[in-house]
Amino acid sequence: MEFIQNSWYVAGWSKEFSRELTKMTILGENIVFYRTEAGAVAALEDRCPHKLLPLSEGRLIGDDVQCGYHGVTFGCDGNCVRVPGQSVVPKSAYVRSFPIFERHNIVWVWMGDEDKADEALVFDLPELSSPDYAPHQGNPLHYESNYLNVADNLCDPAHVSFVHPTTLGNPEMEDLPIESEINDDGVVITSRWTRDAPPVGIFQALANFKGNVDRWQYYIMTVPNVAVIDFGSADVSENITYERRAEGVHIYAIHFLTPVDEYRTIDRWMHVRNFALDDKAIGGNMNDLFNVAFAEDKVILEAIQVEERRPSTRRPLRIAIDKGSNLYRRRIDELIKLERSTEDKNLTATN
Ligand code: FES
Ligand SMILES: [Fe+2]
């Protein structure tokens with residue numbers, strides 16, 4: 001399986017990084033992370049170029065990592081600073097270092113060509129800096145399923161009635177139409193409105209609606225790896241519109257997908273809400289509600305992955321609700337082809 005390399009991926013929440021050497025696999029690459037004495041996150045290839053011991057088995061000395069086998073030592077830029085037993089450092093004594101960007105308590109790593117690592121490309125949501133909204137980070141979800149299956153699920157408002165009947169869906173929504181489009185920035189937006197229906201479980205738990213509500217769901221997928229689920233409800237009498245949705249009970253559930261390898265994905269998710277901003281307990285309560293739903297997704301996504309690996313001669317059935325995920329997968333294919341053709345050009349230029 002090919003991955004899009006030239007992209008920022010979430011390596012973790014800020015609190016996951018410390019002066020400990022922490023190993024992670026992202027896009028099939030083993031990486032060791034740590035914080036320097038000044039507090040910046042460093043990321044190095046987790047493999048000593050000498051006898052291949054992972055550097056995460058070694059130790060941190062100041063800002064340098066000393067290999068746990070023969071003590072060859074690398075700085076946070078990946079350059080070798082010491083080879084015990086000799087004064088000359090061979091040219092081949094280095095490890096790859098990965099560009100890092102940290103904002104909103106989220107640590108991003110750039111997996112592609114270092115020259116292309118543009119911090120302006122890091123995903124942001126204005127509400128993450130707004131005093132009218134409160135963010136709350138959830139626990140990382142480890143799925144035994146590849147990221148395309150996870151992304152499909154996050155371009156898919158239709159599954160909630162069937163998979164999440166107690167939290168995010170209800171039968172009133174089952175047959176309502178879904179709109180899907182890809183905008184000029186290559187963002188895939190799949191949406192559905194449910195007008196004049198009882199609130200779904202999560203809004204019954206979080207808001208004090210007396211009667212029926214209007215409900216919106218916008219699944220906004222920034223390819224390849226950030227899904228924003230912009231959803232909420234408002235009393236029918238408000239006749240809410242997308243532009244005025246901040247007047248309703250409004251939640252963003254943001255999912256950052258980090259492929260571990262061909263068969264595994266970490267989904268780091270957080271939510272951002274516009275109600276009960278000072279309520280310290282509500283973030284955790286919302287996590288509990290979301291975790292009910294995500295445990296339901298996990299069962300499905302992992303079962304799909306098992307089936308995908310078994311031989312089949314049939315082409316999958318495609319139905320109307322798939323348009324969002326089809327647009328997403330087509331965009332992924334385009335970006336991978338583009339990366340491959342640029343790489344081919346670079347190779348030709350250096351030959
Ligand atoms: S394996 Fe790292 S120094 Fe020998
Ligand atoms: Fe789901």
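Predicted model: local features only at pLDDT ≥ 70, side-chain atom pairs only at ≥ 80, totals over all residues.

Visitor: Happy to. How many helices and strands does the chain have?

Guide: The count comes to five helices and 18 strands. The radius of gyration is 23 Å, close to the 20 Å that the globule rule gives for 351 residues, so the chain is as compact as a globular protein of that length. Along the principal axes, the C-alpha atoms fill a box of roughly 80 × 50 × 35 Å, and 36% of the residues are buried.

Visitor: Into which domains is the chain divided?

Guide: Domain 1 covers 8-119 and domain 2 covers 125-332. Their C-alpha centres are 34 Å apart.

Visitor: How many residues of each domain are in contact with the other?

Guide: Nine residues of domain 1 are in contact with nine of domain 2. On the domain 1 side, β1 (8-13) and β2 (22-26) each give two or more residues, with β1 giving the most, three. By class, that side has five nonpolar, four polar and no charged residues.

Visitor: Now the sheet. What holds strands together?

Guide: In general, strands of a sheet pair through backbone hydrogen bonds, either parallel or antiparallel. Here, look at the open sheet of four strands in the order β5-β6-β7-β8, where the pairing is antiparallel.

Visitor: Which strands stand at the edges?

Guide: Those are β5 (59-61) and β8 (80-82); each has a single partner strand, so one side of each lacks a neighbour in the sheet. Three bridges join β5 to β6 (residues 64-66), and Leu60 stands opposite Val65 in β6.

Terms used. Residues numbered from 1 in each chain as written. Chains lettered and ligands numbered in written order. Pairing = 2+ DSSP bridges. Rg over C-alpha atoms; globule rule 2.2 N^0.38 Å. Buried ≥ 20, exposed ≤ 12 C-beta atoms within 10 Å, placed from the backbone. Domains from an automatic or database assignment. Contact = placed C-beta atoms within 7 Å. Nonpolar A, V, L, I, M, F, W, Y, C, P; charged D, E, K, R; others polar.
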